[in-house]
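I'm opening my notebook on a new protein today. I'll jot down what I look up, one topic at a time.

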Amino acid sequence: MGKFHVMNHPLIQHKLSIIRDKKTATNEFREVVNEISNLMAFEVTRDMPLMDVDIETPMAVAHAKQLAGKKVAVVPILRAGIGMVDGILQLLPSARVGHIGMYRDETTFEPHEYFCKMPSDIEEREVLVVDPMLATGGSAIMAIDALKKRGAKNIKFVCLVSAPEGVKALEEAHPDIDIYAASLDEKLVDGYIVPGLGDAGDRLFGTK
């Protein structure tokens, strides 16, 4: 069974307050989203397997640990998910990046997939699906559906801000998925997270 994790690290919470602020400009918003994603990646990768290795230091042989060849794919849900990719790649530079495109019907709030391009060995990789917002959960559910159809088995969902309704929907649809968020907010209003941080895509890319 998957678990829901809220990351209460002081640095994450401090930086989250910056991107919530409506006065934060696009360039700073983008930079801080990148920083939060980098910090969250430490916790998300906490359970990566290690193997024993012997390393020759200048003084002696050290019995050390290295990652046990775990292959990772980072999959942003377009377009806002792109803002979280670089921060994770700074920690996991050998990860591959897939893309899945979703748009939300502004009337029904139902997601629609329009693009999906994954590494050819996606079934062998630990997959981090990233999107700044987990609102209704529709896009996350559809993205994970698409990944499972393509053979992905080890999937985690990583977001900045989540709504209780979205967490519940994602847990019910995919009970095997771990969910990582910087915050669990109060509620949804007309499909948007409250208090939230506005439209993450618009704030990342300076669009309206």
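Which residue stands opposite Glu126 in E8? I looked it up, and Val72 is the one facing Glu126. A reminder to myself before I go on: this is a predicted model.

**Entry 1: strand E8 and its partners**

I followed E8 to see which strands go with it. E4 and E8 pair in the parallel sense, over 5 bridges. E8 also pairs with E10 in the parallel sense, again with 5 bridges. On that side, I found that Glu126 has Asn154 of E10 as its bridge partner.

Next I checked how covered E8 is. I got 5 buried residues out of 5, so by the under 20% cut-off for buried, E8 is mostly covered. In a regular strand, side chains alternate between the two faces of the sheet. I therefore looked at both faces of E8, and by the under 20% cut-off both are covered. One side has Glu126, Leu128 and Val130, while Val127 and Val129 are on the other.

**Entry 2: the cores**

I went looking for the largest nonpolar core and found 34 residues in it. Ile19, Ile36, Met40 and Leu160 have the most contacts inside that core. Several elements supply at least two residues each, including helix H1 (10-20), strand E4 (72-78), strand E8 (126-130) and strand E10 (154-162). The largest share comes from H2, with 7 residues.

Skipping residues up to four places away in sequence, Ile36 touches Ile12, Lys15, Leu16, Ile19 and Leu160. There is also a second, separate core of 25 residues, and Ile144, Ala152, Ile155 and Ile179 are among them.

**Entry 3: Lys15**

Lys15 is in helix H1. Is Lys15 buried or exposed? Its relative accessible area is 18%, which is under 20%, so Lys15 counts as buried. Its side chain makes a polar contact with the side chain of Glu35, at 2.9 Å. Leaving out neighbours within four places in sequence, I listed Val32, Glu35, Ile36 and Leu39 as contacts of Lys15.

**Entry 4: Ile55**

Last stop: Ile55, in strand E2 (residues 50-56). I read a relative accessible area of 35%, so Ile55 falls between the 20% and 50% cut-offs and is partly exposed. Beyond its neighbours within four places in sequence, Ile55 is in contact with Ala60, Val61, Ala62, Ala64 and Gln66. I also checked Lys65: it is 10 residues from Ile55 in sequence, and the two are 9.3 Å apart in space, C-alpha to C-alpha.

Conventions. Residues numbered from 1 in each chain as written. Predicted model: local features only at pLDDT ≥ 70, side-chain atom pairs only at ≥ 80, totals over all residues. Heavy atoms only, no water. Core = buried A, V, L, I, M, F, W, Y, C linked by side-chain atoms within 4.5 Å. Buried < 20%, exposed > 50% of the residue type's maximum accessible area, 1.4 Å probe, protein only. Helix = DSSP H or I, 4+ residues; strand = E, 2+ residues; numbered from the N terminus. Contact = heavy atoms within 4.5 Å. Polar contact = N/O pair within 3.5 Å; in protein donor to acceptor, adjacent residues only side chain to side chain. Pairing = 2+ DSSP bridges.
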